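Please open the model in your viewer and keep the sequence panel beside it. This tour moves from one selection to the next and says what is found at each stop.

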Amino acid sequence: RVEDCKIIEIPKVINPEGNIGILENGFLPFETKRVYYLYDVPSDAVRGGHAHKELYQFLIPVSGSFDVMLHDGIQQKRVFLNKPDKGLLIVPGIWRELENFASGSVCLVLASNNYKESDYIRDFDQFLKLQ
Ligand code: T46
């Protein structure tokens, strides 16, 4: 459900010389098995456009900003990510679309499993039928 997708504040060390955001093992409600990042995303691009069957993900706007549209088949929610110390937890079974990337944005993603195409639902009608 979209209510289970939430903003989680990332622990940080603040320093006049620059800050550090820290994600240690055990902080997120899943174990990270894969890290990837989206960068050089054109401002008119829409990423995502799929749901995952089992994958948990945590999205961090380490630089810049973008919108994440979440849909659980019933409810929809739009989240604006623009703070590197605030990430978005996306639970399994949620359709997501990422858009409105500001120039230079980087979306860092921590994922609970390795890449597996069989975990994707890439057809919205099929996604709705599965709910
Ligand atoms: C998600 C959003 C936020 C791989 O081979 N390994 C990987 O780990 C990833 C993420 C992608 N790929 C391949 C699969 C496709 O041939 O890269 C190509 C583009 O992937 P996709 O269309 O899924 O990219 P996005 O940005 O639409 O979605 C990605 C993640 O796939 C997805 O899990 O939630 O970022």
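Which residue in S9 does Leu 59 stand opposite? Select Leu 59 and look across to S9, where the residue standing opposite is Leu 88. As you do so, keep in mind that what you see is a predicted model. The strands that hold this pair, S6 and S9, are joined in the antiparallel sense over three bridges.

Now widen the selection to the sheet around them, which is an open sheet of five strands in the order S1-S9-S6-S11-S4, paired in the antiparallel manner. Strand S1 (7-9) and strand S4 (34-38) stand at the edges, and because each has a single partner strand, one side of each is left without a neighbour in the sheet. If you follow the sheet across, the twist from one strand to the next averages 30°.

Next, turn to the largest nonpolar core, which has 20 residues, and select the members that touch the most others, namely Leu 59, Phe 66, Val 68, Leu 81, Leu 88, Ile 90 and Ile 94. Two or more residues of this core come from each of strand S6 (57-63), strand S7 (66-71), strand S9 (86-90), strand S10 (95-99) and strand S11 (106-111).

Is Ile 121 buried or partly exposed? It counts as partly exposed, because it has 16 C-beta neighbours inside 10 Å, whereas a buried residue would need 20 or more. Draw a distance from Ile 121 to Ile 94, and you will find that they are 27 residues apart in sequence and 9.7 Å apart in space, C-alpha to C-alpha. Leaving aside neighbours within four places in sequence, the contacts of Ile 121 are His 50, Ala 51, Lys 53, Gln 126, Phe 127 and Leu 130.

For the last stop, select the residues around the ligand, which are Arg 34, Tyr 36, Leu 38, Arg 47, Gly 48, Gln 57, Arg 96, Leu 98, Val 109 and Tyr 115. At least two residues of this shell come from each of S4, strand S5 (47-52) and S10, and S4 gives the most, with three residues. If you colour the shell by class, you will see five nonpolar, two polar and three charged residues.

Key. Residues numbered from 1 in each chain as written. Predicted model: local features only at pLDDT ≥ 70, side-chain atom pairs only at ≥ 80, totals over all residues. Core = buried A, V, L, I, M, F, W, Y, C linked by C-beta atoms within 7 Å. Buried ≥ 20, exposed ≤ 12 C-beta atoms within 10 Å, placed from the backbone. Helix = DSSP H or I, 4+ residues; strand = E, 2+ residues; numbered from the N terminus. Pairing = 2+ DSSP bridges. Axes fitted to C-alpha atoms, helices over the stretch in contact; angles between N-to-C directions. Contact = placed C-beta atoms within 7 Å. Near = placed C-beta within 6 Å. Nonpolar A, V, L, I, M, F, W, Y, C, P; charged D, E, K, R; others polar.
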